[in-house]
Amino acid sequence: MPTEQDEVDRIVGAWGTERPDLDFSPMAVLSRVDRLSHHLERARREAFRRTDIEPWEWDVLSALRRAGAPYQLSPKQLLQQTLVSSGTMTNRIDRLKQRGLVERETDPSDRRGALVTLTPAGRTRVDAAITRLIDAESELLGGMTAPDQKRLSTLLRHLLVSLD
């Protein structure tokens, strides 16, 4: 039974012909990961567009939603989860507050600190976005069986743990 070929096979094959002294197996793996990331980025942009949020808004809103009730985190906790600068986070919180998706209040346990809370409108928006995102991501993986998806997830986890 012939195996399917993709563009990466053609690229790696051409390089293998030109440079038979090199092992192109890393390129075969990581070029596919790169191409998948482009498909994923497109699917995510569309899911967020349909929910009227930007990817940066998703980062903040989803961090708050994942925190569980009362859907509240400090700006410092948000920084740790989104990996942006404090100035960028302040700007993001201000913009989300203007859109009515979060509220900023003084931390009752530390008057010098603040807490950012997801509003009901923010929760509705992020819940709609995650539903659309999961649908889009499921469609991207539609050509794989559940066991293959699980195996791929495990392999990618091993790779990421070794890099992080």
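Let me start with the contacts of Thr-119, which, once residues up to four places away in sequence are set aside, touches Gly-100, Leu-101, Val-102 and Glu-103, where contact means heavy atoms within 4.5 Å. Thr-119 sits in the loop between strand S3 (110-118) and helix H6 (120-140); the helices (H or I, at least four residues) and strands (E, at least two) are DSSP runs numbered from the N terminus. With a relative accessible area of 7%, Thr-119 is buried, and by buried I mean under 20% relative accessible area, with exposed over 50% and partly exposed in between, using a 1.4 Å probe and protein chains only.

Before going on, please keep in mind that this is a predicted model, in which local features need pLDDT of at least 70 and side-chain atom pairs count only at pLDDT 80 or more, while totals for chains, interfaces and linings use all residues. Residues are numbered from 1 along each chain as its sequence is written, and side-chain values use heavy atoms, with hydrogens and water left out.

Now to strand S2 (residues 102-107), which contains Thr-106. This residue, Thr-106, counts as partly exposed at 41% relative accessibility, and, leaving aside neighbours within four places in sequence, Thr-106 is in contact with Arg-111, Gly-113 and Ala-114. Thr-106 and Val-116 are 10 residues apart in sequence, and their C-alpha atoms are 8.8 Å apart in space.

Over residues 26-161 the chain is 70% helix and 12% strand, and the end C-alpha atoms are 17 Å apart.

Which residues form the nonpolar patch on the surface? They are Val-29, Leu-30, Val-33, Leu-140, Leu-141, Met-144, Leu-152, Leu-156, Leu-159, Leu-160 and Leu-163, and together they have about 890 Å² of accessible area, calculated by the Shrake-Rupley method with a 1.4 Å probe, where for residues only the protein chains shown count as cover. Helix H2 (25-50) and helix H7 (146-163) are the elements that give two or more residues to this patch, and H7 provides the largest share, five residues. Patches are made of residues with over 30% relative accessible area and no salt bridge, with like charges joined within 9 Å and nonpolar side chains (Val, Leu, Ile, Met, Phe, Trp, Tyr) within 5 Å; a salt bridge is a side-chain nitrogen of Lys or Arg within 4 Å of a carboxyl oxygen of Asp or Glu. Leu-140, which lies in helix H6, is partly exposed at 40% relative accessibility.

Finally, some backbone details. Most residues other than glycine have a negative phi, and most peptide bonds are trans. Asp-52, however, has a positive phi near 60 degrees; Asp-52 is found in the loop between H2 and H3 and is partly exposed, with a relative accessible area of 47%. Leu-83 also has a positive phi, of about 55 degrees, and this residue is placed in the loop between helix H4 (75-82) and helix H5 (86-98). Is Leu-83 buried or exposed? With a relative accessible area of 74%, Leu-83 is exposed. The peptide bond from Ala-69 to Pro-70 is cis, with omega near 10 degrees, and Pro-70 lies in the loop between helix H3 (55-66) and strand S1 (72-73).
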